[in-house]
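Thanks, everyone. I have one structure to walk through today.

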Amino acid sequence: MSLPTALPAWHSLDRLATQAQPHLRELLAEPGRAERLTWSTAGLTLDASRQRLTPAIEQALLELAAQSGLADRREAMFRGDAINTTEDRPVLHVALRGGESGGPWGNQIHAQVQRELDRVCRFAEEVRAGTARGHANDAFTDVVNIGIGGSDLGPRMAADALAHLASDAVRVHYVSNPDAWALWSVLRGLDARRTLFIVSSKTFTTQETLTNAASARHWLADNGVPADAIAKHLVAITATPAKSAELGYDPERTFLFWDWVGGRYSLWSSLGLPLAIGIGAAAFRQLLAGGRAMDEHFQHAPLAENLPVRLALHGVWNRNFLRMPTQLIASYASRLVRFVPFVQQMDMESNGKRMQLDGTEAAVDTGPIVWGGLGIDGQHAYFQLVHQGRHALPVDFIGVQSEDTPLPLAGAHHAVVNLNLRAQAQAMALGRTLQETEAQLLQDGADAETAHALAPHRQFPGDIPSHILWLDRLDPERLGALIALYEHKVFCQAAIWNINAFDQWGVELGKTMAKALERAGG
Ligand SMILES: O=P(O)(O)OC[C@H]1O[C@](O)(CO)[C@@H](O)[C@@H]1O
């Protein structure tokens, strides 16, 4: 265990941060910078040339990674050591995308995972083919996933991202909020005889999910499903099958995952069933393969070219040394509309911690506030604050290099979107000086007095650090790699900050209080 502030590299970085920093305008003028700071793997390309990095800073960050014991922690995770110390559990979501042969976690886990994955894929295909049926022998036309947090965000995000692969025969809906309208607004158009509910809950104790699940059962009964046949319209996905069985869920239609899969890392498990129904089992397996490709890169690529490590180190530089408390993520593909809420949970529930592994207070800032959304929409909303507000913040731009939407002018749409991405990254980096602004105004025909008065309002400080992350296309494999990239980034930052990324005690207090209020009669 290494306290970050005790590491020599931390002190070097502290020193470097107090020295005068070159503006990104200067850094970007370096010949060969873009080539030197761009790396590709698994269909993803990371351009970090607009990060505020000098060779000395880069060197110190890489030393920090080496000194922090990150590589040992990574091996411990892949080996299945109980690195989630406060819950005494291994962290093995990586085993869920393990491929044909076992990994360092061993054959037993591999066999368990493959068995459940095969069950999920088989059932998904049966629903899609109309051979898994409701009580009156009708094929299902609608599947409603009921779950919240990690039991919702992952499959829902991926379903949007891969919407071009969605089945025409079966629609998949997601309900997380226990507000009655959330469920009703989905159910009001549906035929109960042709509706299948998937209740997704690792613990099967989550109040919001159980409220929606109980309401769904009532709706089925009110809409003609006999009481003794309701189980035909229900699926449970859980790590606690005893609890779902107590509530009457059929073990044949219960799909398992394990306590060593964190909720926010569970998309790869049986929890991916609603997604597999939507996009098909083969595409779901491709998503796993994409995650696996990123795992292999993370395990074997040198630190200096390792995408998750680089993303993490640049984040640490921005967070701890440039003192930027938030991380903006701007997606320039509308199918990635739910990527930010997904990463918000993954990052903030993981690294929103103030205690180090040994239970002492962290001496450094930990997880940033992650926010953002679709970049193009953001440009017409909060980008003003990014360009000219008083908050310094880094940006991850996510773009897709190719376009496959079957619309006649899809290529033109795509050009507009990516042009904007590039323009924003460049404008944020370079900014525009007062002199340049005044000169521009004069060139545009303003008189000297007006140019002088307006220039301060129309100058941009720039120097806003960003990554551009390109997916060569938005398909299941690239999406899998993208998700695993952010997972491993979060892991690396936790290793450097010396915190446990895999518990979530902060969420517990609210849950306990809601239960106490319920017991006390509201
Ligand atoms: O899958 P469950 O057990 O219903 O929990 C749902 C979510 O609740 C949380 O504990 C907190 O929101 C998440 O970690 C988890 O993804």
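Start with the ligand. Domain 1 (38–84 + 301–404 + 413–429 + 464–507) and domain 2 (93–285) each give residues to the shell around the ligand, so the ligand lies between them. Those domain bounds come from an automatic or database domain assignment.

A word on the source. This is a predicted model: local features need pLDDT of at least 70, side-chain atom pairs count only at pLDDT 80 or more, and totals for chains, interfaces and linings use all residues. Residues are numbered from 1 along each chain as its sequence is written.

Back to the shell. There are 14 residues around the ligand, and G149, G150, S201, T206 and G263 come nearest. Being near means a C-beta atom, placed from the backbone, within 6 Å. By class, we have nine polar, three charged and two nonpolar residues. Nonpolar is Ala, Val, Leu, Ile, Met, Phe, Trp, Tyr, Cys and Pro; charged is Asp, Glu, Lys and Arg; the others, Gly among them, are polar.

Now I464. Find I464 in the loop between α19 (448–458) and β11 (466–471). Helices (H or I, at least four residues) and strands (E, at least two) are DSSP runs, numbered from the N terminus. Is I464 buried or exposed? It has 24 C-beta neighbours inside 10 Å, so I464 counts as buried. The cut-offs: 20 or more other C-beta atoms within 10 Å is buried, 12 or fewer is exposed, in between is partly exposed, with C-beta atoms placed from the backbone.

Last, the whole chain. Buried residues make up 47% of its 522 residues. The chain has 21 helices and eleven strands.
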